[in-house]
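Please open the model in a viewer and follow the stops below in order. Each stop names a selection and then describes what is found there.

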Amino acid sequence: MTDSLNTPEKKAETLRWLQGFHAASDSLDSTEFVQNYFTEDAVVQFGNNPVVKAHGPFIEIQSQRLKVLESMSHEVVSFDILPDKIYQVASVTYKVKNDPSGEAIVIPGLAVFYKALEDSKINRFEVYIDISPVFKRAQEIAAVASQV
């Protein structure tokens, strides 16, 4: 069954969906991103953070997380399609707000999207990435700003 999911057409269709998902995420508009790509009762697990269920709580947490960012950009490195999920490796580039160096922080990550190929929205999302360097840089910038 998985062989029929890995045809060039299915791979291209899945890549387009992933690119749209990431473009929405990279826009830093949590509300539109969540409403367009997650079912109302979706479950989200971001690393070792508590599981989040439903749009409202996820939008709130995502908005808080994104407040420190100037920009975010995802590059799909590879992905595999199964009947009920997609495994994806990505490289994510972050820029922190008010960073005088404009440093790009590039971090690899793995995500699992629980959805059938024909579904446009996911019902479970698991992300495995260590974004602590982003928050460390944001804290450094805030510390310098508070001394001025």
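Select the strands: six of them form an open sheet of mixed pairing, in the order E2-E1-E6-E5-E4-E3. Strands (E, at least two residues) and helices (H or I, at least four) are DSSP runs numbered from the N terminus, and two strands pair if DSSP finds at least two bridges between them. Strand E2 (52-53) and strand E3 (69-82) each have a single partner strand, so one side of each lacks a neighbour in the sheet.

This is a predicted model, in which local features need pLDDT of at least 70, side-chain atom pairs count only at pLDDT 80 or more, and totals for chains, interfaces and linings use all residues. Residues are numbered from 1 along each chain as its sequence is written, and side-chain values use heavy atoms, without hydrogens and water.

Next, select E1 with strand E6 (residues 122-128): they pair in the parallel sense over five bridges, and Phe38 stands opposite Ile122 in E6. E1 and E2 run antiparallel and are joined by two bridges; Val44 stands opposite Val52 in E2. In the hairpin of E1 and E2, with five residues between the strands, Gly47 takes a positive phi near 60°.

Move to strand E4 (residues 85-96) and strand E5 (residues 105-114), which pair in the antiparallel sense over 10 bridges. Ile86 has Phe113 in E5 as its bridge partner.

Finally, select Tyr94. Its contacts (heavy atoms within 4.5 Å) include Leu69, Met72, Ile107 and Val134, residues up to four places away in sequence not being counted.
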